[in-house]
Amino acid sequence: MRSAWLKIFAAMVFVLACWTSFLPTAAAAPPPWETGHSQPEDLKIKVVIFSPGDEIVSWFGHIAMVVEDPRLNHRRMYNYGMFSFGKGMLAKFAMGRLWFWVGEAPVYRTYEFYKRSNRSVRVLELNLEPEVRQEIAMALAVNVHPDNRDYLYHHYFDNCSTRIRDLIDHAIDGQLSAAAAKPTGQTLRDHTRRHAARNPAVEMLLMFLMNNDIDDPVTRWEEMFLPGELEEVIQELEYVNKAGETVPLVVDELVYFEADIEPTPEEVPTRWPGALALGILLGALGAWLGRGYFGAPTSKGRRVAFGLYNALIGLVIGIPGLALAVMWAITDHTVTYHGENLLLGNPLTFLLLPLGIALAIGSTAARRWLRPLWIVLTGLGLVLLPLKLLPMFNQNIWLPLAFILPILLGLGFVWWRYGGDLEGE
């Protein structure tokens, strides 16, 4: 159980933060392109893509930029995914106010770090005029200054990938954003599910927590919050340079290391049939345990089993419901606000945990409270069905609904049908 909750916590951190290698960076002398020792024609600007890894915190991949001066044999990596694990970090994360910064890192040592982590390292050299290469190199060097480096992180709209996307777009006079303005038919929820598909439980949790802000179709430009999507776009893009020539944006590609891992699926997995089947099974199990308890309320074994089953539902559904309510009420995690899934799991659902344990122990008060609580919880779940006919209820909740509603129906029915017979005892 402890391991499962550690994975859930890591997933919540991951969906709201762009985790990286956290390689330490130390204050360094200004690079030659900042001091004026580099010549524009000697500079190379590269985008480095680090593929998703096996661990939860690496599922979305990472990206960085490298500036090289081969003549002076000098190179530096610029990483927009840095943040501190220091004092107050957890509180800032919990409130959705986590500040990231861009930091410098050694190039080949970073490549080797990702190689040891079995994550692919692909390097794309950008085809830019010398003066544009110098402009980007200077912008990166200035960005890492203490007064400039920090930014308020947002997983979808301001992260390590979008920062580099915007820098490239500015360098080619907006031609990247213009080429990527067309809607794709995909949503941010689709992309989140694709990258979380390797763990259905974490995928379900993320779909429960996030609201309809991620359900509108997005453009190719918005998809580039993902490093892999940015990589695909710049590889395919041709643009008009300052000489009026149409040229490819990427002039050279190098695969430093190719990892032997399962690739991220291209399509969103179809989960609802399995979620529905599991929900029906758990709902039927709850009804069966309840029928056994109500048929023989003096049986200690049946009471303990049914009480603990109620507590389990409070743990699995109630804790995420409580978290969702808190994140809406007091944090800046905007993708959790006004989530429709609060009708499926909420702070009331969390009450099943202590009340279920109390029932297992033999509390008659817990038994009296559980019946009306289950009737309310089941009613809230059923209310969602007609509400989904209204235009304002447009959140994609079908995966959590398929799993949770049958559980509510099974336990709600058994408490409504048989629980009243015990109230006078």
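This is a predicted model: local features need pLDDT of at least 70, side-chain atom pairs count only at pLDDT 80 or more; totals for chains, interfaces and linings use all residues.
Residues are numbered from 1 along each chain as its sequence is written, and side-chain values use heavy atoms, with hydrogens and water left out.

**View 1. The whole chain, to get your bearings.**
The chain has 17 helices and 11 strands; helices (H or I, at least four residues) and strands (E, at least two) are DSSP runs, numbered from the N terminus. Along its principal axes, the C-alpha trace spans about 90 × 40 × 40 Å. Of the 425 residues in the chain, 52% are buried. Here buried means under 20% relative accessible area, exposed means over 50%, and partly exposed lies in between (1.4 Å probe, protein chains only). Take the contacts between residues at least 6 apart in sequence: 78% of them join residues at least 24 apart. A contact, throughout these legends, means heavy atoms within 4.5 Å.

**View 2. Helices α9 and α17 where they cross.**
The axes of α9 (residues 200-209) and α17 (residues 398-418) come within 8 Å and cross at roughly 110 degrees. Each axis is a line fitted to C-alpha atoms, for helices over the stretch in contact, and angles run from 0 to 180 degrees between N-to-C directions. The two helices α9 and α17 are therefore roughly perpendicular to each other. On this scale, angles under 35 degrees count as roughly parallel, over 145 as roughly antiparallel, 65 to 115 as roughly perpendicular and the rest as oblique. From α9, the contact uses Glu203, Met204, Met207 and Phe208, and from α17 it uses Leu399, Pro400, Phe403 and Ile404. By class, this contact has 7 nonpolar, no polar and 1 charged residues. The classes are nonpolar (Ala, Val, Leu, Ile, Met, Phe, Trp, Tyr, Cys and Pro), charged (Asp, Glu, Lys and Arg) and polar (the others, Gly among them).

**View 3. The largest nonpolar core.**
In soluble globular proteins, nonpolar side chains tend to be buried together. A nonpolar core is a set of buried Ala, Val, Leu, Ile, Met, Phe, Trp, Tyr and Cys residues joined through side-chain atoms within 4.5 Å. The largest one here has 53 residues, and Phe306, Ile313, Leu370, Trp374 and Trp415 have the most contacts inside it. Two or more residues come from each of α8 (188-196), α9, α12 (272-295), α13, α15 (352-361), α16 and α17. Helix α17 gives the largest share of this core, 12 residues.

Side chains of opposite charge can pair when their charged atoms come close. A salt bridge is a side-chain nitrogen of Lys or Arg within 4 Å of a carboxyl oxygen of Asp or Glu, and by this rule the count comes to 17. In one of them, Lys46 pairs with Glu68, with the closest N and O atoms 3.2 Å apart. Lys46 belongs to strand β1 (residues 44-50) and Glu68 to strand β2 (residues 62-69), 22 residues apart. Lys46 is buried at a relative accessible area of 14%, and Glu68 is buried at 6%.

Lys388 forms a salt bridge with Glu340, their closest N and O atoms being 2.9 Å apart. Lys388 lies in the loop between α16 (364-387) and α17, and Glu340 in the loop between α13 (300-330) and α14 (347-350), so the pair ties together parts that are 48 residues apart in sequence. Both Lys388 and Glu340 are buried. Elsewhere, salt bridges that share partners join Arg194, Arg220, Glu223, Glu229 and Glu232 into one network. Arg149 and Asp150 also meet in a salt bridge (3.5 Å, N to O); Asp150 is partly exposed at 40% relative accessibility, and Arg149 is partly exposed at 30%.

**View 4. Two loop residues with positive phi.**
Most residues other than glycine have a negative phi. Asn73, which is not a glycine, has a positive phi of about 55 degrees. Asn73 sits in the loop between β2 and β3 (74-82) and is exposed, with a relative accessible area of 58%. Asp173 has a positive phi near 60 degrees and lies in the loop between α6 (160-171) and α7 (175-179).
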